[in-house]
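Subject: Structure for your review

Hello,

The structure you asked about is below. Please look it over before reading my notes.

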Amino acid sequence: MTAHGDTHEHHEPGLQHQFEDMNQQEESVSIAMWAFLAQEIMFFGGLFTAYLVFRWRFPMAFAAGSNHLDPFWGGLNTLVLIVSSLTMALTVYYAQKGNRTLQVAMIVLTMLFGSVFLGVKAIEYTDKYNHGLVPVTGWNKKVKEDTSAPHVTEQDCTQVGHGDGDDHYVNPKGEFQWKDCSLVKLAQEKNYLTADEKIGYFTNGEIDADKFRDKVRLFYFIYFVMTGLHALHMIIGLGVMLWLLWKAWIGTYGPKYYAPVEISGLYWHFVDIVWIFLFPLLYLLGRHFLH
Amino acid sequence: MQDVSAISGNSIPADEPKLNYINNGHTLKSWLLTKDHKRIALMYLLSVSAFFLMGGIYAAFIRLELLTPASDLLETATYNKVFTQHGILMVFFFLIPAIPAILGNFLLPLMIGAKDLALPRINLLSLYIYWIGGIITLWALMKGGVDTGWTFYTPYSTTFSNSYVMAVGIGVFINGFSSILTGLNFIVSIHTMRAPGMTWFRLPLFVWAHYATSLVMILGTPVVAITILLVAIERFARIGIFDPAIGGDPILFQHLFWFYSHPAVYIMILPGMGVISEVIAGFSRKRIFGYEFVAFSSIAIAVFGFLVWGHHMFVSGQSVFAGLVFSFLTMVVAVPSAIKTFNWVATMYKGSISYDTPMLYAIGFLGLFLVGGLTGLFLGSIGLTVHLTDTYFIVAHFHYVMVGGQVIAYLAGIHYWWPKMTGRMYSEFWGKVSAMLVFVGFNLTFFPQFILGYMGMPRRYASYPEELQVLNIFSTAGASVLGIGLLMPVVYLIHSLFYGKKAADNPWMHPGLEWRTSSPPPTENFKEMPVVTWEAYDFGEESGLDIEEARRREAVTV
Ligand code: HEM
Ligand SMILES: [Cu+2]
């Protein structure tokens, strides 16, 4: 609790009218950010729940979908974000020290890493688009370009290997593309299938490529919603950093006043941490099925 | 103790108009860009009332349709839209914001002795978000509306409904952030903005109740937000996350929805409980019985409220074991509500009770909330609920808690603080008449519905068997009385703005901080930073609250 006691006017930079002193203002803003982050956890929590529920039911579809994400790009992005967390932490440090030059430099670096992250995401999204893996009807390069393609694959879907992008299978519904059911076959042989999978992938005891595809599509749906919302948070983060950059440039922050830097940092770290969970869940789980 | 004359309410307001928050700036801009919590509260009052009126019109159509057994007034498809839109407007745009965003916004800073909420700009932002969400929803209703029920159950909402589910979903999604921001602001303010001497256990219980509400708002709302967003995306991209036909799971939707919406029913009652604590203590002129119990029961409700969502899903195919656990936890969550009710009654015991309008409403609340809560227990017991679920019994249950509880508490609060908000007194006579009419009309409307439900009349149908007509006629007749009772305050409160007697600073002679500033308060709330040296609900005569003495003085000066 903060004392209101003294009544004389303050002229500290950035003190807003409703507060009595800087202490009270900083405490308020910091509690606000923590409460906001609690809210964010619940927001992403709903999505993580959906992910867990469906991964629990359809592990093979999720493994198959996951194996088509590129862990190189995902790993690179993880690295980039971890480094950006470091530069963010250094931003706060230099703000406290009142070192304007290094503070500005660190903000620029943080923004740079943030942009690299978004750039890599853009590359990945484009790649998914080119391979017909965007789970939205009509958002599919292959179907748009290749209208003459055969409407059903000639091959048995369990015979098709992993990851070859040049196959000509076209989803008869014209949307999400998927033809590789080899993992189902494998799981069936080794008796891995969950109860839901035994119903979810088969028609009359036969592997049903369309039914399996719908489950993989679900994985990509969750992938796009989660990473998309995460990217949106990154973009907002970059906006915040731009504002910080300007404020730091005109020399607002010093040992006495650096709360905005600190709470922007909290936000930035939070967005990083979300990615730290997304990366293994989306890219890594299920990779051992590749071998 | 405080300087007696400073808080004595009966100084006659000076003749020349003082600068207060209402007349401090007259331009439209001074309202639309204000950061003053009191002005924001008034703008909320207007907007929320508009939504209440719209929801009420839909309700009128529902009751008219149900006057006769056949579905004659409305087509069945239209009827679906009417009850859906009634529910959506009432729940998301009236009931959730009503007390927190209007009374909470206005009073919280006054009660804790602050100049404003901690984040005034965020507060204004929340109002704009509310407007944007509201406008999108209204636009969707104009275009054709929704017919999924306020619960948006899948797969109906994802696959089979050809109405504007996505637009309304987005409206509700956006609106959710308005209550998240309000909750955030309250939590921060209660932590950091309390005046010197205003310790946690000197806070009025209204503030405790809002703290608990805010917890639910920031932890629950994001979950329903993301759920409704998923429904919208699912409709757009046709992906089976909730639709079983393409591999989705409709029960997952229900889990996510009720994970928020059960706690949300506490967003819709906790603030009301806060109001009732103030009114009952005030008009019994007694310190509330068991202050700590009432305070912590609010927190307990907020916490346990997150653990009982499964009681909405007893018949949806969750496992028997889950059903048992949820049934047990439902009984547990009723305990804190019962504690509060006992404490209110104990507060009145040997109190010096006066039956002013707010108190009449509050006493009505006690009776109605009791019935609502107890029937909740019926519904929470795993055997009985199978018979009662999706019947009019449910409809009666939640109207007893939502209307009998929250709406009546809201009215109690509006009447109680009206003099402070506007500086005017309303007609006590008409106030009492409306309180009585609302109570009688309400019971006449909803009590028959318990019986109807028990007899098996399902909810959400436009027609019903002939033998149920008598009770339905009662219900519709009651609704008319209730409607008149609810419209009356609109008339006499607006009348009071122009012709009402000027209100004293402390018309009820109550000790809360909000009564120790002028009516209406100045923009900065208090001339000087208050220093709190007394306990909450300190009606001691040495605080200058000797009401007999005050009346004598008033008689002399008038
Ligand atoms: C005293 C504690 C309460 C208990 C034990 C309780 C219990 C229940 C139960 C078990 C149901 C589900 C019935 C079913 O679907 O079979 C239910 C429904 C409902 N309750 Fe309560 N309740 C309580 C208080 C409240 C309060 C305070 C509110 C709101 C202010 C509320 C609003 C609702 C609503 C809106 C529904 C129906 C939702 C729907 O299906 O549309 N309840 N309640
Ligand atoms: Cu519930």
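The notes below cover the conventions, the metal sites and the chain interface.

This is a predicted model, in which local features need pLDDT of at least 70 and side-chain atom pairs count only at pLDDT 80 or more, while totals for chains, interfaces and linings use all residues. Residues are numbered from 1 along each chain as its sequence is written, chains are lettered from A and ligands numbered from 1 in the order written, and side-chain values use heavy atoms, with hydrogens and water left out.

Metal sites. B:His262 (ND1), B:His311 (NE2) and B:His312 (NE2) coordinate the copper ion at 1.8 to 2.0 Å, with the spacing H-x48-H-H along the chain.

Interface. Between chain A and chain B, about 3500 Å² is buried, 73% of it from carbon and sulfur atoms (accessible area, 1.4 Å probe, that two parts lose on being put together, summed over both). The contact (heavy atoms within 4.5 Å) takes 40 residues from chain A and 43 residues from chain B. Two salt bridges cross this interface (a side-chain nitrogen of Lys or Arg within 4 Å of a carboxyl oxygen of Asp or Glu). One of them joins A:Arg57 and B:Asp249, with the closest N and O atoms 2.6 Å apart.

Regards

Technical notes. Donors = N, O, S within 2.8 Å, 3.2 Å for Na, K, Ca; no water.
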